Amino acid sequence: MKRQRRPRKASRRQLARAETWDDGIEEIQKTPADEPDETGWKTSTAHMAGLSRLVRAGVWALVASGPVLGTLAFLSSSAPAQGAAKPVARTASASPVGPAGFAELFVAAYLQAGQGTERDLAPYYSGAVALAVKPGTRTVTQSTVIASREVQPGYWAVTVAANVTAHDGKSEHRSVQYFRVGIQTTGTAGTEQGDATVGYAATSLPAQVASPTALKPGGLAYETDRGSSSADPSVETARGFLAAYLTGTTELDRYTSPGTRLQAISPAPYAALKVTGVQDDSLGAGQQKVPTDGTVLHQLVQVEATDRVGSPVSLSYALTLRSRAGRWEVASVDEAPAIRDASSPPSAVPQTTSSPDAGTASPSPSNS
């Protein structure tokens with residue numbers, strides 16, 4: 001019975017509030033039509049009735065829109081932010097440095113190992129090894145990687161060149177030999193990630209391969225021979241500059257263009273210098289006068305430098321000269337001699353390096 005009385009009390013309260021609201025509206029409507037208010041405006045019954053209806057509609061609109069506004073607020077707070085930058089995973093690119101270095105160490109250990117020392121190859125190759133050569137009959141004085149290619153993801157073919165000295169007890173034979181080896185990486189090895197777990201393994205013993213083809217150089221851009229005459233102003237500039245550059249006997253700034261940042265080698269490696277030949281890209285056979293300011297000249301200078309113990313050393317320098325105020329000045333020491341446009345190595349030099357692959361090459365077809 002108590003549970004039924006509570007709803008009745010709540011309904012009675014709501015009716016009382018509604019009657020109070022209606023009574024207030026009726027009192028407003030009973031206001032005399034011509035009674036002015038303090039602001040000077042006149043109110044009428046029709047005007048107050050319309051105002052009451054507008055207020056009542058606004059109240060009910062707010063009550064009805066409450067759940068809708070709450071739902072929209074909840075959805076907007078739980079939805080992901082639009083336009084937020086998403087983190088992009090950094091992809092590590094494979095690097096040939098690790099596999100190349102591992103292959104170079106493996107080839108050096110392989111060339112110096114022999115019968116009874118096969119265990120020296122265990123850090124590089126885990127397969128069964130039985131070497132017939134006597135240990136110490138081959139030594140490596142220098143080795144370097146000349147090619148590295150990723151044949152499959154995480155699997156590299158590396159070619160190593162080595163200066164090998166063979167000993168037979170009576171004499172020595174020196175040669176440059178080339179070996180190719182497969183290097184497999186484990187995990188994320190060979191990537192740029194410094195904290196990655198790195199591991200390498202050779203998949204077989206090295207295979208000796210033929211040497212790369214040696215080519216004659218393409219045509220150089222220095223087609224005019226200047227010799228070494230001191231009467232040529234450009235030759236004299238090259239001589240003075242290289243003497244200052246290599247021996248430190250004079251100031252370098254005397255021979256360089258303003259603004260250049262060339263510095264002499266320090267400490268000076270040579271005590272004296274002699275120019276033995278100069279070639280350039282000018283068209284004239286002789287050039288006793290310096291052309292107008294801003295003229296550029298490219299030189300290839302052959303020198304014979306004498307080191308601190310008196311031994312002669314032959315060197316070549318590619319220089320760029322620029323004319324200014326009636327004299328030549330060195331604008332730069334070029335990184336490499338200039339070649340003619342579209343120039344390429346024209347022909348191959350016959351190979352003289354011995355290789356096991358040479359004896360197994362397929363013979364050329366005969367026309368007979």
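The largest nonpolar core has 23 residues, a core here being a set of buried Ala, Val, Leu, Ile, Met, Phe, Trp, Tyr and Cys residues joined through side-chain atoms within 4.5 Å, with buried meaning under 20% relative accessible area (1.4 Å probe, protein chains only). Phe 106, Leu 111, Leu 121, Val 158, Val 181 and Ile 183 touch the most other members. Two or more residues each come from helix H3 (97–112), strand S2 (155–167) and strand S3 (172–187), and H3 gives the most, with eight. Helices (H or I, at least four residues) and strands (E, at least two) are DSSP runs, numbered from the N terminus. This is a predicted model, in which local features need pLDDT of at least 70 and side-chain atom pairs count only at pLDDT 80 or more, while totals for chains, interfaces and linings use all residues. Residues are numbered from 1 along each chain as its sequence is written, and side-chain values use heavy atoms, leaving out hydrogens and water.

A second, separate core of 21 residues includes Ala 238, Phe 241, Leu 297 and Val 303.

Gly 227 stands opposite Val 278 in S8, and Lys 274 opposite Glu 304 in S9.

As for confidence, pLDDT (the predictor's per-residue confidence, from 0 to 100) averages 78 over the chain, with 63% of the residues scoring at least 70. Strand S10 (residues 312–324) is highest at a mean of 97, and strand S12 (residues 348–349) lowest at 48.

Definitions and conventions. Buried < 20%, exposed > 50% of the residue type's maximum accessible area, 1.4 Å probe, protein only. Pairing = 2+ DSSP bridges.
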